[in-house]
Amino acid sequence: MKERMIETECPFCGHSFYIKRDTLIITTMSPLAVERLLDRTYFSHLCSRCHKLFYLTYPLMVRNPKKRYSLLLTEQKDVSGFDPEERVVVVKNVPQFYLAFHLLENDLNFKIVLNKKKRIEDKYKKMIWFDGYDDKNHCLWFDVDGENKAVLLSKEEGKNIHIGVMDELHERMLEDLYT
């Protein structure tokens, strides 16, 4: 992990302060950071003046050498210098970062999850959180105001939900589920 001092301001009371934060996380070396990213508490900060919770937004790179990806939270449009074999995902805000991290860590297909997420957001007219994929029941789970909602995948979506080649066992499980 690589740390630096970051100047920030509470969006509620305007309190200005410096805080030390990581700017680089290697997933294989930081299990606590991975856990906090998955449970969406990593960027949370409680203001010492007004005691309100808010997201600290600052440049961060998460690398997973085993899964060969880098995830960047940055305003920069041009990111270079990465191995061409490595998957590089760039996002601009904390909710996008949490979603991308969850999808990358679980080898899930961005297009399928984002399409389902958009449908639920359109239905409920609010932002929702992706909570995970249930391999056994072939559904995606979303958090809508603290309430869990399951969205079943079609047979085709089930075949394509995981990035990479699907193994025969997984394909047989899908066949059994949809027949």
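**Figure 1. Surroundings of Thr23 in the predicted model.** Leaving aside residues up to four places away in sequence, Thr23 touches Lys2, Glu3, Arg4, Pro59, Leu60 and Met61 (contact means heavy atoms within 4.5 Å). Thr23 belongs to strand β2, residues 16-26 (strands are DSSP runs of E of at least two residues, helices are runs of H or I of at least four, and both are numbered from the N terminus). Its relative accessibility is 18%, so Thr23 counts as buried (under 20% relative accessible area is buried, over 50% exposed, and in between partly exposed, with a 1.4 Å probe and protein chains only). The model is predicted, so local features need pLDDT of at least 70 and side-chain atom pairs count only at pLDDT 80 or more, whereas totals for chains, interfaces and linings use all residues. Residues are numbered from 1 along each chain as its sequence is written, and side-chain values use heavy atoms, with hydrogens and water left out.

**Figure 2. The largest pocket and its lining.** Thr23 also lines the largest pocket, together with Pro59, Leu60, Met61, Leu72, Leu73, Thr74, Gln76 and Val79 (on a 1 Å grid over the protein atoms alone, a pocket is an open set of points where a 1.4 Å probe fits, with protein on both sides within 12 Å along at least five of seven lines; lining residues have an atom within 4 Å of a point). Strands β5 (60-64) and β6 (69-73) each contribute at least two lining residues. By class, the lining holds 6 nonpolar, 3 polar and no charged residues (Ala, Val, Leu, Ile, Met, Phe, Trp, Tyr, Cys and Pro are nonpolar; Asp, Glu, Lys and Arg are charged; the others, Gly among them, are polar).

**Figure 3. Packing of helix α1 on helix α2.** The axes of α1 (residues 31-38) and α2 (residues 94-105) come within 9 Å and cross at roughly 115° (axes are lines fitted to C-alpha atoms, for helices over the stretch in contact, and angles run from 0 to 180 degrees between N-to-C directions). Val34, Arg36, Leu37 and Leu38 of α1 meet Phe97, Tyr98, Phe101, His102 and Glu105 of α2. This contact comprises 6 nonpolar, 1 polar and 2 charged residues.

**Figure 4. The open sheet β8-β9-β10.** The 3 strands pair antiparallel in this order (pairing requires at least two DSSP bridges between two strands). Strands β8 (129-134) and β10 (147-152) are at the edges with a single partner strand each, so one side of each has no neighbour in the sheet. Neighbouring strands are turned by 25° against each other on average, direction ignored. Between β8 and β9 (residues 139-144) there are 5 bridges, and Gly132 stands opposite Trp141 in β9. Helix α3 (residues 110-124) packs on the sheet and touches β8, β9 and β10, its direction making about 40° with that of β9.
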